[in-house]
Protein chains: 2
Amino acid sequence: MQLNEHYRNLEESYLFTRIGRLVAAYGQEHPEAEIIRLGIGDVTRPLVPAVVEALHRAVAEMGDAATFRGYGDEQGYGFLREAIAGYYQGKGVSLDPDEIFVSDGAKSDLGNILDLFGTDNVVAIPNPVYPVYLDTNIMAGRKVVFLEANEENDFLPMPGKMQADIIYLCSPNNPTGAVYTRSQLEQWVAYALDHGSVILFDAAYEAFITDPDLPSSIYQIPGAKSCAIEFCSLSKTAGFTGTRCGYTVVPAELIREGVSLRKWWLRRQTTKFNGVSYIVQRGAEAVFSPTGQEQIQESLKVYRENARILRTALEKQGVACWGGIHSPYIWLKCPDGMDSWQYFDALLHRCQLVGTPGCGFGSCGEGYFRLTAFNTIENTRRAVERLENFYK
Amino acid sequence: MQLNEHYRNLEESYLFTRIGRLVAAYGQEHPEAEIIRLGIGDVTRPLVPAVVEALHRAVAEMGDAATFRGYGDEQGYGFLREAIAGYYQGKGVSLDPDEIFVSDGAKSDLGNILDLFGTDNVVAIPNPVYPVYLDTNIMAGRKVVFLEANEENDFLPMPGKMQADIIYLCSPNNPTGAVYTRSQLEQWVAYALDHGSVILFDAAYEAFITDPDLPSSIYQIPGAKSCAIEFCSLSKTAGFTGTRCGYTVVPAELIREGVSLRKWWLRRQTTKFNGVSYIVQRGAEAVFSPTGQEQIQESLKVYRENARILRTALEKQGVACWGGIHSPYIWLKCPDGMDSWQYFDALLHRCQLVGTPGCGFGSCGEGYFRLTAFNTIENTRRAVERLENFYK
């Protein structure tokens with residue numbers, strides 16, 4: 001019996017698990033403390049009425065023999081894949097529903113997609129970034145090179161002299177909130193086409209982009225369909241963090257070594273996945289209806305306003321910060337040479353505020369910190385008051 | 001860029017995809033045909049009222065800011081893991097809720113669990129069996145040895161002289177309906193303890209066992225917690241094939257190479273999975289309530305009666321068959337030396353009946369055929385009439 005020895009190379013504890021433990025310990029010592037969480041990127045606004053209605057309807061169908069549904073298409077119901085294709089059409093991107101795969105969330109697909117690739121590939125991962133990209137590759141023993149994001153490049157690393165076979169890009173970025181411009185993504189697509197690489201493009205925060213000149217899908221860049229897989233999620237777009245639905249696009253044009261990656265991903269999903277709950281897929285479909293789109297904009301507007309409030313307050317205190325526009329994340333520099341965990345402790349103990357230490361997203365995040373706009377507007381305002389006191 | 005070359009060793013088409021294609025083609029040529037499906041193991045009875053009510057309640061909670069839930073525990077909500085632990089308690093098995101992992105279904109976990117193991121292990125897989133065990137191991141390039149199930153061993157292979165590091169067992173078996181006795185499972189546990197192997201025990205059909213002397217969990221066998229992972233699902237138990245919820249048990253006692261597999265599986269799930277929909281978990285919880293348990297027995301009773309009707313009719317025609325007791329599957333020998341696909345075609349074209357060719361579950365299934373008890377009682381009776389005509 002041999003284990004997958006690569007697991008031994010993982011860091012002991014997942015970032016948010018550690019934060020949860022520290023906050024729980026603080027809460028036990030200070031039961032009176034009113035902790036405000038601007039840490040994990042979890043939403044607070046409820047599902048919108050159009051989604052709730054669709055979910056109720058689907059539940060009722062499942063309780064009636066005449067309308068009951070058993071196994072669905074592993075790839076997702078046609079009605080949802082068509083709705084997603086329609087959403088892309090609105091961005092000027094034509095997709096065949098066969099290129100769209102419905103899943104229980106981007107996190108699952110971002111991990112599972114690696115099944116298609118050999119372990120000898122070199123993987124390029126931004127630093128700092130969502131830790132899942134790195135951990136899932138450590139689990140498979142792949143060689144990783146980091147794309148350093150820093151103040152000099154506005155936290156938007158560009159291709160350099162390197163051979164990278166698999167390239168993760170996340171735009172709008174988690175944690176820095178940085179958004180690639182069209183011309184920057186054109187350079188990444190050109191690199192991938194030149195080098196035969198595959199870009200894994202995480203668009204989980206695309207709904208926060210309000211400037212139509214900024215790409216919200218990599219497929220808005222010519223040539224991207226031949227070199228990129230796009231991951232998206234309804235978690236932040238429509239408050240689905242607890243309802244669970246996302247989607248992945250693998251274009252038919254994406255061929256490597258004579259293989260259609262779309263076909264292989266279909267094979268992976270039909271073998272190791274049984275599709276998303278019918279009920280949830282009906283809820284997701286409602287997100288893409290005209291009413292659903294209108295209603296989710298109300299929630300997105302609140303989060304955008306929270307981001308604006310946080311960023312404005314920090315800038316007023318002279319804090320260097322990024323993101324918070326086209327993104328629910330504000331990325332800021334820790335004060336007085338503090339490292340990320342020191343600042344985490346300071347905010348927790350002095351302000352009862354929970355944020356996320358930048359170093360948890362990679363070594364280049366050390367000395368930085370992430371705040372999120374997902375709390376209520378009331379709590380965000382209270383958080384801002386506490387931050388103003390902190391910086392006094 | 002290198003692909004995972006092992007994918008090239010997969011057979012072209014997944015069994016049920018091929019069946020679906022053939023049936024669709026027949027239906028297009030014969031639009032008037034009333035096809036009865038006793039093929040894919042999909043249920044037909046709706047979710048029971050207790051589950052439907054719980055789902056509605058959870059949907060309403062998700063639409064209200066005061067009760068909305070975002071990210072849950074990747075491992076599953078405590079309320080559901082405790083309910084599952086209570087269910088095991090009823091079988092005389094004590095589990096800590098930390099040993100229980102809620103998932104979107106047994107198929108996902110059966111594939112994903114392999115992430116924990118090295119690729120050099122020898123994997124023992126029954127033949128015939130649920131094709132997913134083999135395909136997921138081909139994808140990883142593991143060496144597979146087959147445990148031949150045949151008429152001589154009543155389709156219940158026992159350990160022989162072999163070194164197997166990972167052993168799949170499925171009881172009640174898919175496709176043969178065979179159920180291991182306590183003493184047979186004791187031999188498998190003894191083998192695994194002797195050889196340091198890990199048994200992957202698929203208990204998806206445990207709810208069909210009515211004889212209390214037959215084990216419905218491998219943990220009813222002393223020592224099993226040190227050598228077995230158990231996979232279970234609400235798909236067949238409670239009609240969740242389209243609702244999606246299952247669970248996997250990784251006991252704390254299961255240690256290999258100094259590693260707690262429970263901890264590694266937790267690490268895998270927290271990194272590559274974000275938990276099951278809160279709504280679905282509330283529905284699953286209701287399955288384990290006293291009312292839910294009573295209501296699902298009504299459905300199970302119907303399926304058991306269907307199985308009895310099918311098996312009795314076949315036996316009356318002198319057809320050699322297995323299963324159909326403690327199992328929703330009837331496994332039968334094809335007549336007149338027909339191979340499995342010939343019999344599939346004959347049943348489809350002459351009786352408009354869809355079953356599953358035994359060879360689709362492995363070479364030892366050639367010449368056999370699987371019928372399922374999951375259709376309505378009316379359709380099962382009509383199917384029996386057609387079968388009687390076929391055999392006349």
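Guide: Gladly. Strand 2 of chain B pairs with strand 8 of chain B in the antiparallel sense, over four bridges. Within strand 8 of chain B, B:Val249 is the residue that stands opposite B:Ile100. Please keep in mind that this is a predicted model.

Strand 8 of chain B has another partner as well: strand 7 (residues 228-233) of chain B pairs with strand 8 in the antiparallel sense, again over four bridges. Here B:Glu230 is the residue opposite B:Val249 of strand 8. So how do the residues of strand 8 point? In a regular strand the side chains alternate between the two faces of the sheet. In strand 8 of chain B, B:Gly246 and B:Thr248 point one way, B:Tyr247 and B:Val249 point the other way, and all are buried.

Now for the sheet as a whole. It is an open sheet of seven strands in chain B, with mixed pairing and the order 2-8-7-6-5-3-4. Its edge strands are strand 2 (100-103) and strand 4 (143-148) of chain B, each of which pairs on one side only. On average, neighbouring strands of this sheet are turned by 20° against each other, direction ignored. Helix 5 of chain B packs on the sheet and touches strand 3 (122-127), strand 4 and strand 5 (166-170) of chain B. The direction of helix 5 makes about 155° with that of strand 3 of chain B.

B:Thr241 is found in the loop between helix 7 (235-238) and strand 8 (246-249) of chain B. Is B:Thr241 buried or exposed? With 25 other C-beta atoms within 10 Å, B:Thr241 is buried, the cut-off for that class being 20 or more. Leaving aside residues up to four places away in sequence, B:Thr241 touches B:Asp42, B:Val43 and B:Ser235, and also A:Gly70 and A:Tyr71 of the other chain.

That brings us to the contact between the chains. 68 residues of chain B are in contact with 68 residues of chain A. On the chain B side, the elements that give two or more residues are helix 2, helix 4 (106-112), helix 5 (132-140), helix 8 (261-272) and helix 9 (278-287). Helix 2 of chain B gives the largest share, six residues. By class, this side of chain B has 29 nonpolar, 23 polar and 16 charged residues.

Helix 2 deserves a look of its own. Helix 2 (residues 49-62) of chain A and helix 2 (residues 49-62) of chain B pack at an angle of about 175°, and their axes are 10 Å apart. That angle makes the two helices roughly antiparallel. The contact is made by A:Val52, A:Leu55, A:His56, A:Val59 and A:Met62 on one side and B:Val52, B:Leu55, B:His56, B:Val59 and B:Met62 on the other.

The same surface serves both copies, as 100% of the contact residues of chain B recur in chain A.

How values were computed. Residues are numbered from 1 along each chain as its sequence is written. Chains are lettered from A and ligands numbered from 1 in the order in which they are written. This is a predicted model: local features need pLDDT of at least 70, side-chain atom pairs count only at pLDDT 80 or more; totals for chains, interfaces and linings use all residues. Axes are lines fitted to C-alpha atoms, for helices over the stretch in contact, and angles run from 0 to 180 degrees between N-to-C directions. Angles under 35 degrees count as roughly parallel, over 145 as roughly antiparallel, 65 to 115 as roughly perpendicular and the rest as oblique. Two residues are in contact if their C-beta atoms, placed from the backbone, lie within 7 Å. Ala, Val, Leu, Ile, Met, Phe, Trp, Tyr, Cys and Pro count as nonpolar, Asp, Glu, Lys and Arg as charged, and the others, Gly among them, as polar. A residue is buried if 20 or more other C-beta atoms lie within 10 Å of its own, exposed if 12 or fewer, and partly exposed in between; C-beta atoms are placed from the backbone. Two strands pair if DSSP finds at least two bridges between them.
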